[in-house]
Amino acid sequence: MDTEQLMQKYFNNTINQKEQLVFDDLLLNDENFKKEFQEFNDMHSVIKKETKNLLKQELKNLDKINKTSYFYKIMIAASFAMLLSVGSYFMFTDNSLSNDELFASNFSPCKNVMHPVVRGKENLSQIEKSFVYYENGNYSKFIEIIATSNYKSLDYNFYIANAYLANNNPKEAKLILEDYLDSKAIKFPAKAHWYLGLVYLKLNDLSKAKKQFIMVKKTGSFKPRDVDKILKQLEF
Amino acid sequence: MNKNKAILLLKKGDKAILKTIYLDNKLAFLKYAYRFSLSEEDLVDIYQDAIIALYDNALNGKLSNIKCSLKTYLFSIGKNMIFEHLRKQKKAITLNTGVLQDKYNEEVNYDDSVLTNNQISLQRGFKKLGEQCKKVLTLFYYQGYTLDEITTILNYSKKDVVKSQKSRCMAKLKSLINN
């Protein structure tokens with residue numbers, strides 16, 4: 001193992017006891033290693049700081065999408081709870097989410113079960129490579145690569161729809177999911193109804209969204225509690 | 001999504017799951033935290049820092065063995081940060097709110113260290129690097145990916161190309177600091 005790998009393991013807390021002994025010995029007795037470690041440590045600290053700054057900005061932007069003040073909601077909800085003197089406080093706050101918030105709190109791209117990425121594997125096929133991008137959240141690249149992979153199964157379309165939805169392109173996701181659900185012998189019908197429901201939610205078509213969530217219940221047992229919850233929230 | 005799956009995704013640096021966790025728990029955190037008599041702005045700021053600390057801990061493998069739920073862990077970080085904030089403002093922590101007896105008392109470590117002078121100048125240089133350099137260096141130095149893995153993630157043809165790209169980026173960074 002080279003010294004940089006050893007340092008990576010040290011910083012990721014994946015170093016084992018034997019490697020730690022080697023690491024400690026090098027740090028104590030090898031001037032070059034000590035210098036390399038200092039440089040690695042500086043880079044790690046700086047990039048960590050930069051990543052934090054970037055994330056902070058992304059979270060602030062996410063909040064801008066959810067324009068209504070959470071605090072305001074809490075105060076209003078609390079006032080209603082006091083006025084009504086019933087236990088509707090939590091129900092009210094849960095149901096007062098906007099369509100965007102409801103979407104954001106329910107959407108996460110479907111887990112990759114087609115080609116789980118095995119770290120360290122070499123000679124990846126075009127499809128496997130595309131799923132590395134999918135798992136790393138680079139959905140544009142996923143779409144770009146998988147489109148040229150000559151895939152045969154329709155179930156890949158389900159993931160492409162997920163990628164479009166994650167990229168804030170619900171219209172494209174809608175076309176693909178509708179087409180997918182019209183097809184025969186598909187692996188993920190219940191999931192497809194769930195994501196199509198979220199697409200309609202994003203497009204503010206609540207009656208179609210409800211129909212899709214009801215279809216999830218009819219088609220399978222995907223996220224039963226979430227489906228009930230979202231249907232309840234849409235009734236409000 | 002269960003805890004282990006979420007931790008695994010966070011460990012891979014999945015920001016989508018981080019944002020889901022952020023939105024899912026924000027309202028509950030603010031409901032919990034407004035008893036500390038801080039402004040909404042301060043509480044949101046602290047909550048964002050707690051989420052970032054959660055992400056950092058996931059990348060550093062510190063979440064692998066936690067016994068509590070992610071929510072309890074996240075709220076424990078947030079609570080610690082609120083206490084720290086109150087201490088800095090020299091405000092007394094009100095003891096009659098029941099917060100000392102609540103369940104958000106998990107032992108949590110998070111990095112709040114500040115950069116040294118050398119690191120600050122390194123940071124200035126890093127900001128000036130191109131996006132591709134930033135990506136390669138972040139994957140390598142912060143996320144802990146091997147050169148082989150970076151080759152795949154960034155769709156390079158060979159590992160050697162990544163290796164020389166990384167060296168070029170480091171050289172560029174050093175020249176930016178020295179000029």
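Angles under 35 degrees count as roughly parallel, over 145 as roughly antiparallel, 65 to 115 as roughly perpendicular and the rest as oblique. Keep that scale in mind for this predicted model, where helix 3 of chain A and helix 5 of chain B meet at an angle of about 60 degrees and are therefore oblique to each other. Chain A comes to 13 helices and zero strands, and chain B has eight helices and zero strands. Here is a friendly tour, beginning with the chains themselves and moving on to their contact, some helix packing and a few individual residues.

**The two chains**

- From the N terminus on, chain A runs α-α-α-α-α-α-α-α-α-α-α-α-α.
- Chain A has 236 residues, of which 31% count as buried.
- In chain A, 43% of the contacts between residues at least 6 apart in sequence join residues at least 24 apart.
- Chain B reads α-α-α-α-α-α-α-α along its sequence.
- Buried residues make up 39% of the 179 residues in chain B.
- For chain B, residues 24 or more positions apart account for 70% of the contacts with a separation of 6 or more.

**Where chain B touches chain A**

- The contact draws 43 residues from chain B and 41 residues from chain A.
- On the chain B side, helix 2 (15-33), helix 3 (40-59), helix 5, helix 6 (131-142) and helix 7 (147-153) each supply at least two residues.
- Helix 2 of chain B gives the largest share of that side, with 12 residues.
- By residue type, the side of chain B that touches chain A divides into 18 nonpolar, 13 polar and 12 charged.

**A helix pair across the two chains**

- Helix 3 (residues 31-65) of chain A and helix 5 (residues 117-128) of chain B pack with their axes 9 Å apart.
- Their crossing is right-handed.
- Helix 3 of chain A brings Asp42(A), Ser45(A), Val46(A), Lys49(A) and Glu50(A) to this contact, and helix 5 of chain B brings Asn118(B), Gln119(B), Leu122(B), Gln123(B) and Phe126(B).
- The residues of this helix-helix contact divide into three nonpolar, four polar and three charged.

**A helix pair within chain B**

- Helix 6 of chain B packs against helix 8 (residues 159-178) of chain B at an angle of about 105 degrees, with their axes 9 Å apart.
- That angle makes helix 6 of chain B roughly perpendicular to helix 8 of chain B.

**The buried face of helix 1 in chain A**

- Met7(A), Gln8(A), Tyr10(A) and Phe11(A) are buried in helix 1 (residues 3-11) of chain A.
- Seen down the axis of helix 1 of chain A, its buried residues fall within an arc of 160 degrees, so they line one face of the helix.
- As background, an α-helix has 3.6 residues a turn, so residues three or four places apart point the same way.
- Helix 2 (17-29) and helix 3 of chain A are included in what covers these buried residues.

**Asp56(B) and its contacts**

- Asp56(B) lies in helix 3 of chain B.
- Asp56(B) counts as partly exposed because it has 18 C-beta neighbours inside 10 Å.
- Leaving out residues up to four places away in sequence, Asp56(B) touches Lys48(A), Tyr110(B) and Asp111(B).
- Asp56(B) and Tyr110(B) are 54 residues apart in sequence, yet 8.0 Å apart in space, C-alpha to C-alpha.

**Residues with a positive phi**

- Most residues other than glycine have a negative phi, and most peptide bonds are trans.
- Ala185(A) is not a glycine, but has a positive phi of about 50 degrees.
- Ala185(A) sits in the loop between helix 10 (170-181) and helix 11 (189-202) of chain A, and is exposed, with 7 other C-beta atoms within 10 Å.
- Asn155(B), also a residue other than glycine, has a positive phi near 60 degrees.
- The loop between helix 7 and helix 8 of chain B holds Asn155(B), which counts as partly exposed with 14 C-beta neighbours inside 10 Å.

Definitions and conventions:
Residues numbered from 1 in each chain as written. Chains lettered and ligands numbered in written order. Predicted model: local features only at pLDDT ≥ 70, side-chain atom pairs only at ≥ 80, totals over all residues. Axes fitted to C-alpha atoms, helices over the stretch in contact; angles between N-to-C directions. Helix = DSSP H or I, 4+ residues; strand = E, 2+ residues; numbered from the N terminus. Left-handed = near helix turned anticlockwise from the far one by under 90°. Contact = placed C-beta atoms within 7 Å. Nonpolar A, V, L, I, M, F, W, Y, C, P; charged D, E, K, R; others polar. Buried ≥ 20, exposed ≤ 12 C-beta atoms within 10 Å, placed from the backbone. Arc of directions from axis to C-beta.
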